[in-house]
Amino acid sequence: MGRNYEVGEELTGKVTGIQPYGAFVALDDKTQGLVHISEITYGFVRDINEYLAVGDEVRVRILEVDQAAGKISLSIRALQEPPNNFQKPERPRKSLQDKVKEHDSEGFNSLKDKLKDWIDRSGY
């Protein structure tokens, strides 16, 4: 790596290569990072080539720096405004036990009733 990069830093880099899983971006003469396909933009990206080309200059944010492995994870999406339909409203989550209790009368009680009948038939 050319210099020490910090998580959260915003930089301009040049796309040096594109693979099905992401795009390599040169941050300086000695350092490049990877923008994973999921970090290109919001929504589903089928083909990175529809968004980027080798030689493009792009703004990126550093997500992770692995000094030992010499790898830097980058994001273009982190610098974009999320679309309105992408923000899901918060709703309270029910525990599995609450869901079971909700449906107890529909499924488990009928099994409970049948279990007694099955035991009686089996002779136990």
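Start your tour by selecting arginine 77 and tyrosine 42: the arginine lies over the face of the tyrosine, at 5.3 Å from the ring centre. A charge counts as sitting over a ring if NZ of Lys or CZ of Arg is within 6 Å of the ring centre and within 35 degrees of the ring normal.

Before you go on, know that this is a predicted model, where local features need pLDDT of at least 70, side-chain atom pairs count only at pLDDT 80 or more, and totals for chains, interfaces and linings use all residues. Residues are numbered from 1 along each chain as its sequence is written, and side-chain values use heavy atoms, with hydrogens and water left out.

**The barrel**

Switch to a cartoon view. A closed barrel of 5 strands runs S1-S2-S3-S5-S4, with mixed pairing. Strands here are DSSP runs (E, at least two residues), numbered from the N terminus, and two of them pair if DSSP finds at least two bridges between them. Strands of a sheet pair through backbone hydrogen bonds, either parallel or antiparallel.

Select S3, residues 32-36. S2 and S3 run antiparallel, joined by 5 bridges, and alanine 26 stands opposite glutamine 32. Towards S5, S3 runs parallel, with 2 bridges; look for valine 35 opposite leucine 74.

Next, select S4 and S5, which pair in the antiparallel sense over 5 bridges. Glutamate 64 has serine 73 in S5 as its bridge partner. The hairpin of these strands has 4 residues between them, and glycine 70 takes a positive phi near 70° there.

**The core**

What lies in the largest nonpolar core? It holds 18 residues, and Val25, Leu27, Val35, Leu52, Val58, Val60 and Leu74 touch the most other members. S4 gives the largest share, 3 residues. Such a core is a set of buried Ala, Val, Leu, Ile, Met, Phe, Trp, Tyr and Cys residues joined through side-chain atoms within 4.5 Å. Buried means under 20% relative accessible area, exposed over 50%, and partly exposed in between (1.4 Å probe, protein chains only).

Zoom in on valine 35. Not counting residues up to four places away in sequence, valine 35 touches several residues, including Tyr21, Val25, Val60 and Leu74; contact means heavy atoms within 4.5 Å.

**An aromatic pair**

Finally, select tyrosine 21 and phenylalanine 24. Their ring centres are 6.3 Å apart and their planes at 90°, so the pair is edge-to-face. Rings of Phe, Tyr and Trp (its six-membered ring) pair if their centres lie within 6.5 Å, and planes over 60 degrees apart count as edge-to-face, under 30 as stacked and the rest as tilted. Tyrosine 21 is partly exposed at 40% relative accessible area, and phenylalanine 24 is partly exposed at 25%.
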